[in-house]
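Work through the exercises below with the sequence and coordinates open. Each task is followed by a solution in steps.

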Amino acid sequence: MIRRIGKILAALALTAASTVIGVTATAGAAHADGCYTWGRTLSEGMSGEDVRQLQIRVSGYPGYGAVLGLDGAYGPATKAAVTRFQQAYGLAADGIAGPNTFNKIYALQDDDCTPINFSYAELNRCNSDWSGGAVSASTAKFNARVTMWKLQAMRHALGDQSIVVTSGFRSYACNSAVGGSSTSRHLYGDAADLAAGPHSLCRLAQQARNHGFNEILGPGYPGHDDHTHVADKSYRTWSAPSCGI
């Protein structure tokens, strides 16, 4: 908690300093981060691993019904997602990722690259090594990390109130034990089941449409009256009839 507060204060200080002295900052002015540090300002037309790392962090801002590709190419969709991220946090919304954008991301992430309000432990109550699913352990863990960044965006849009995750990655054994579908996205690590808390299940299902989830299942869909399920997949499946979805 102390480290998180320190990161947030550092980011605010840097933003304020650049504003006070009227200097247009460069990417080199952004402070180093324990997870990943960007070394250049990024804009449309650029490409590289640093672009892909940015895409992961803004994957929850693709726009209604869209999913942002994590291809390392800074195209129009990435620019739009960065712009929405900037708007969400009160930054200059120009779609260019510079120091202020990076500093906000640094303040939002822990040193293991997960967003500050979610953890790998929340997304994996099955085993300790992410093995036994439909993809490799490393892929399952990566997919869970992307899911957490989408949930972080959704959480912010819902007033920064908590989102309760009850299930994430499952191995085939764990999935079978809870009666999950043989084709469940939980086996890929990119799914999360959400419980009611500060927000109703319907509110969660409705909001999820804006944050990069191609699969949303909730109240009114068989077996989902007690949770809202969000996941990634190659095509859209939205069904929460009791919620108007």
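Are Asp-190 and Arg-185 buried or exposed? The model is a predicted one. Both Asp-190 and Arg-185 are buried.

**Exercise 1. Salt bridges**

Solution. 

Step 1. Arg-185 and Asp-190 form one of them, with 2.7 Å between the closest N and O atoms. As found above, Asp-190 and Arg-185 are buried.

Step 2. A salt bridge also joins Lys-233 and Glu-215, whose closest N and O atoms are 2.9 Å apart. This pair links distant parts of the chain, 18 residues apart: Glu-215 belongs to strand S3, while Lys-233 sits in the loop between strands S4 and S5. Lys-233 and Glu-215 are both buried.

Step 3. Arg-155 meets Asp-160 through their side chains, with an N to O distance of 3.9 Å. The cut-off for a salt bridge is 4 Å, so the pair is counted. Arg-155 has a relative accessible area of 13% and is buried. Asp-160, at 39%, is partly exposed.

**Exercise 2. Disulfides**

Solution. 

Step 1. With the bonded cysteines numbered in sequence order, the pairing reads 1-2, 3-4, 5-6.

Step 2. Cys-35 is joined to Cys-113, with an S to S distance of 1.9 Å. The torsion about this S-S bond is about 105°, so the disulfide of Cys-35 and Cys-113 is right-handed. The pair links distant parts of the chain, 78 residues apart: Cys-35 in the loop between helices H1 and H2, Cys-113 in the loop between H4 and H5. Cys-35 and Cys-113 are both buried.

Step 3. Cys-126 is joined to Cys-174 at an S to S distance of 2.1 Å. A torsion of about 90° makes the disulfide of Cys-126 and Cys-174 right-handed. Since Cys-126 is in the loop between H5 and H6 and Cys-174 is in helix H7, the pair ties together parts 48 residues apart in sequence. Cys-126 counts as buried at 19% relative accessibility, because the limit for buried is under 20%. Cys-174, with 23%, is partly exposed.

Step 4. The sulfur atoms of Cys-202 and Cys-243 are 2.0 Å apart and form a disulfide. The link of Cys-202 and Cys-243 is left-handed, with -75° about the S-S bond. Cys-202 lies in helix H8 and Cys-243 in the segment after S5, so the pair ties together parts 41 residues apart in sequence. Cys-243 is buried, with a relative accessible area of 8%.

**Exercise 3. The surroundings of Thr-228**

Task: Which element holds Thr-228, and which residues does Thr-228 touch?

Solution. 

Step 1. Thr-228 lies in strand S4. Its relative accessible area is 0%, so Thr-228 is buried.

Step 2. Leaving aside residues up to four places away in sequence, Thr-228 touches Ala-192, Asp-193, Leu-194, Leu-201, Leu-204, Ala-205, Leu-217, Gly-218 and Pro-219.

Step 3. A polar atom of the Thr-228 side chain is 2.8 Å from the backbone oxygen of Leu-201.

**Exercise 4. The whole chain**

Task: Summarise the chain by its elements, burial and contacts.

Solution. 

Step 1. The protein chain has eight helices and five strands. From the N terminus, their order is α-α-α-α-α-α-β-α-β-α-β-β-β.

Step 2. Of the 245 residues in the chain, 49% are buried. The accessible surface is about 10,400 Å², with 55% belonging to carbon and sulfur atoms.

Step 3. Among contacts between residues at least 6 apart in sequence, 59% join residues at least 24 apart.

Notes:
Residues numbered from 1 in each chain as written. Predicted model: local features only at pLDDT ≥ 70, side-chain atom pairs only at ≥ 80, totals over all residues. Heavy atoms only, no water. Buried < 20%, exposed > 50% of the residue type's maximum accessible area, 1.4 Å probe, protein only. Helix = DSSP H or I, 4+ residues; strand = E, 2+ residues; numbered from the N terminus. Contact = heavy atoms within 4.5 Å. Areas by Shrake-Rupley, 256 points an atom, 1.4 Å probe, with all protein chains shown as cover. Polar contact = N/O pair within 3.5 Å; in protein donor to acceptor, adjacent residues only side chain to side chain. Disulfide = S-S within 2.5 Å.
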